[in-house]
Amino acid sequence: MRSSMFQEEGSSSVTSSPLQFFSMMSVSPSIGSPYTWLREMKSEERGLCLIHLLLTCAKHVAAGSLENANITLEQISQLASPDGDTMQRIATYFTEALADRMLKSWPGIHRALNSTKMVMVSEEMLVKKLFLELFPFLKVAYILTNQAIVEAMEGEKMVHIIDLNASEPMQWIALLQVLNVRPEGPPHLRITGVHQQKEILDQMAHKLSEEAEKLDIPFQFNPVVSKLENLDFDRLRVKTGEALAISSFLQLHSLLALDDEALRRKSPLMSKNSLQKTVLMNQSMLDELSEKVMVNGYSPSHDSTSSSPVSLTASINSESFLNALWALSPKVMVVAEQDFNHNGSTLMERLLEALYSYAALFDCLESTVSRASLERFKVENMLFGKEIKNIIACEGFERKERHEKLDKWFQRLDFTGFGNVPLSYFGMLQARRFLQTYGCEGYRMKEENGCVVICWQDRSLYSISAWRSRK
């Protein structure tokens, strides 16, 4: 099927492939509507068609050929659907992201269309709660983090935890319950929660104080309303004599945008010609990429051109932030991050990597949740769709979703002065047991250099690692 699906231009084959036939059809419903044929298209053929069209569209967008990009977007719209199969749903959000990037060519129109869009705090909290319920990732991370903290804080009487993304009290309620049954008794616990929404921190403070009072554990909650990149470390109020732990869930990658902005100010702008040479891809390469994603189960390697090399000399802002964390001398710091390669320098690199990554995430939901589920739609739309748009449509400081692989974080944290702390056998055992009782066989957990990577089938999705300051 691959040979017929992706024929090179000028091929003299008698039988036209579905993709070639599609490209010749009118996208206007009034002239020879292709809708009947599209409804009968097999899922795999449609998926290949969508990938090819998305890559073609991205090529046009990157080259500034907006008219051709618009034609391709119209073709994609006939196949994509927010309530269809995995590839149809993914294509919906990648199409939206590419269209948003195109609209940025007209800043006035783009601002006008987005001026009234805002996400309510209640909606933000809802979608994060749905993500927690529909996927096992955060719960596995909670289990491993709490166990690492309990082990590091053995015998300590004054414990201070800094939560760099304080939005979910479940994790710390579970920790309070574990600390309450310590043989030596519970410590005095102080949690500093960092979040940009005061309302979320207030709810955290109320629920945790309530649980601590019920268990009769001495407890304080220190709220710090701040974005991570603007964090004033003095407000963390780290005191002499207390044992410190730091928890960072899906946060550190956003700091890499600061490095990009610093580089942009230092380096002269690339010429238009060199930029076009970087992003343009010929048709045969698009065909090859399409086949790799859909047919060969393409897995981008750490050494591929899609991976973003760590430039330690360039990482000025993220490095200074990690240096500040190191200077706090935590007994343990647990870092959970998306295990993806979404920080490539070009649109085409990021689009291919993101297609591969989000195909796995959408496939998780396809295997566990009904297509008609409103909860599924909200997670795909408000969480994954938003991330996809940021990866594809944004550049420079605006592009926050700069997910990178575990080996890149290893390099960064090691260079900053952190030493890796292997996650314990008991912690991994608890996490594996939880995954086994989760009710879906597709999830896997593997160990990499004392860290844990959570997978869907054989695809790495999230990593959890523990660290401490080297003297």
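**H160 and its surroundings**

Colleague: Which side chains are joined by a polar contact of 2.7 Å?

Modeller: Those of H160 and E242. A polar contact is a pair of N or O atoms within 3.5 Å; within protein, one must be able to donate a hydrogen and the other to accept it, and residues adjacent in sequence count only if both atoms are side-chain atoms. The model is predicted: local features need pLDDT of at least 70, side-chain atom pairs count only at pLDDT 80 or more, and totals for chains, interfaces and linings use all residues. Residues are numbered from 1 along each chain as its sequence is written, and side-chain values use heavy atoms, with hydrogens and water left out.

Colleague: What does the side chain of H160 make with R190?

Modeller: A polar contact with the side chain of R190, at 3.4 Å.

Colleague: Is H160 buried or exposed?

Modeller: Buried, because its relative accessibility is 0%. Buried means under 20% relative accessible area, exposed over 50%, partly exposed in between (1.4 Å probe, protein chains only).

Colleague: Where does H160 lie?

Modeller: In strand β1, residues 158-163. Strands (E, at least two residues) and helices (H or I, at least four) are DSSP runs, numbered from the N terminus.

Colleague: New topic. Which residues of α10 are buried?

Modeller: In this helix, residues 170-180, they are Q171, W172, L175, L176 and L179. They cover an arc of only 135° around the axis, so they sit on the same side of α10. The arc is that of the directions from the helix axis to the C-beta atoms.

Colleague: And I109, where is its place?

Modeller: In helix α7, residues 107-114. I109 is partly exposed, at 44% relative accessible area.
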